[in-house]
Amino acid sequence: MGIVMIKCPQTGRAIPTGMKADREKFRCSTVFFARTYCSICQTNHEWFAKEAWVYETDERVRSVC
Ligand SMILES: [Zn+2]
């Protein structure tokens with residue numbers, strides 16, 4: 001499991017969405033749309049799953065799909 005990250009469109013910085021996901025499952029999941037509060041801009045950013053990535057602290061290789 002890891003933290004779903006997005007790139008802030010205003011500053012270009014990576015911000016955590018607060019969502020947790022498995023990297024392989026997230027990559028294979030259907031496209032979804034979400035909204036995350038950005039503490040840098042102090043506003044909500046809307047994003048699609050394809051723009052996000054999973055930052056995993058546990059780097060064990062998995063193959064789920
Ligand atoms: Zn932002």
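Visitor: Which residues coordinate the zinc ion, and at what distances?
Guide: The donors are C8 (SG), C38 (SG), C41 (SG) and H45 (NE2), at 2.0 to 2.4 Å. A donor is an N, O or S atom within 2.8 Å of the metal (3.2 Å for Na, K and Ca), and water is not among the atoms, so sites may look incomplete. The model is predicted: local features need pLDDT of at least 70, side-chain atom pairs count only at pLDDT 80 or more, and totals for chains, interfaces and linings use all residues. Residues are numbered from 1 along each chain as its sequence is written, and side-chain values use heavy atoms, with hydrogens and water left out.

Visitor: What makes the arrangement around the zinc ion tetrahedral?
Guide: The angles. Four donors count as tetrahedral if all angles lie between 85 and 135 degrees; four count as square planar and six as octahedral if opposite donors are over 155 degrees apart and all others between 65 and 115; anything else is irregular. Here the 4 donor atoms subtend 102 to 119°, so the arrangement is tetrahedral.

Visitor: How are the donor residues spaced in sequence?
Guide: The spacing is C-x29-C-x2-C-x3-H.

Visitor: Why is C38 called buried, and what is C41 called?
Guide: Buried means under 20% relative accessible area, exposed over 50%, partly exposed in between (1.4 Å probe, protein chains only). C38 has 0% relative accessibility, so C38 is buried. C41 has 23%, so C41 counts as partly exposed.

Visitor: What is the strand order of the open sheet?
Guide: The order is β2-β1-β5, 3 strands with antiparallel pairing. Strands here are DSSP runs of E, at least two residues; helices are runs of H or I, at least four; both are numbered from the N terminus.

Visitor: Why do β2 and β5 count as edges?
Guide: β2 (14-21) and β5 (53-55) each have a single partner strand, so one side of each lacks a neighbour in the sheet. Neighbouring strands are turned by 40° against each other on average, direction ignored. The axes are lines fitted to C-alpha atoms, for helices over the stretch in contact, with angles from 0 to 180 degrees between N-to-C directions.

Visitor: How do you know that β1 pairs with β2?
Guide: Two strands pair if DSSP finds at least two bridges between them. β1 (residues 2-7) and β2 have 5 bridges, in the antiparallel sense. Among the bridge partners in β2, K20 faces I3 and A21 faces G2. The hairpin of β1 and β2 has 6 residues between the strands, where G12 takes a positive phi near 75°.

Visitor: How many bridges join β1 and β5?
Guide: There are 3 bridges, again antiparallel. One of the contacts sets V4 against V54 in β5.

Visitor: What makes F32 and W47 an edge-to-face pair?
Guide: Rings of Phe, Tyr and Trp (its six-membered ring) pair if their centres lie within 6.5 Å; planes under 30 degrees apart count as stacked, over 60 as edge-to-face and the rest as tilted. The structure holds 3 aromatic pairs. F32 and W47 lie 5.7 Å apart centre to centre, with 70° between the planes, and form an edge-to-face pair. This pair links distant parts of the chain: F32 in the loop between α1 (23-28) and β3 (33-38), W47 in β4 (residues 43-48), 15 residues apart. F32 is partly exposed at 25%, whereas W47 is buried at 2%.

Visitor: Why is the pair of F33 and F48 called tilted?
Guide: The planes stand at 55° and the centres 5.0 Å apart, so the pair is tilted. F33 sits in strand β3 and F48 in strand β4, 15 residues apart.

Visitor: Which residues do ring pairs link into a cluster?
Guide: The cluster holds F26, F32 and W47.

Visitor: How do you know that R23 and E56 form a salt bridge?
Guide: A salt bridge is a side-chain nitrogen of Lys or Arg within 4 Å of a carboxyl oxygen of Asp or Glu. The closest N and O atoms of R23 and E56 are 3.7 Å apart, and the two form a salt bridge. R23 lies in helix α1 and E56 in the segment after β5, 33 residues apart. E56 is buried at 7%.

Visitor: How many salt bridges does the whole structure hold?
Guide: A search finds 3. E24 and R27 meet at 2.7 Å, N to O; both lie in helix α1, 3 residues apart. E46 and R35 meet at 2.5 Å, N to O.
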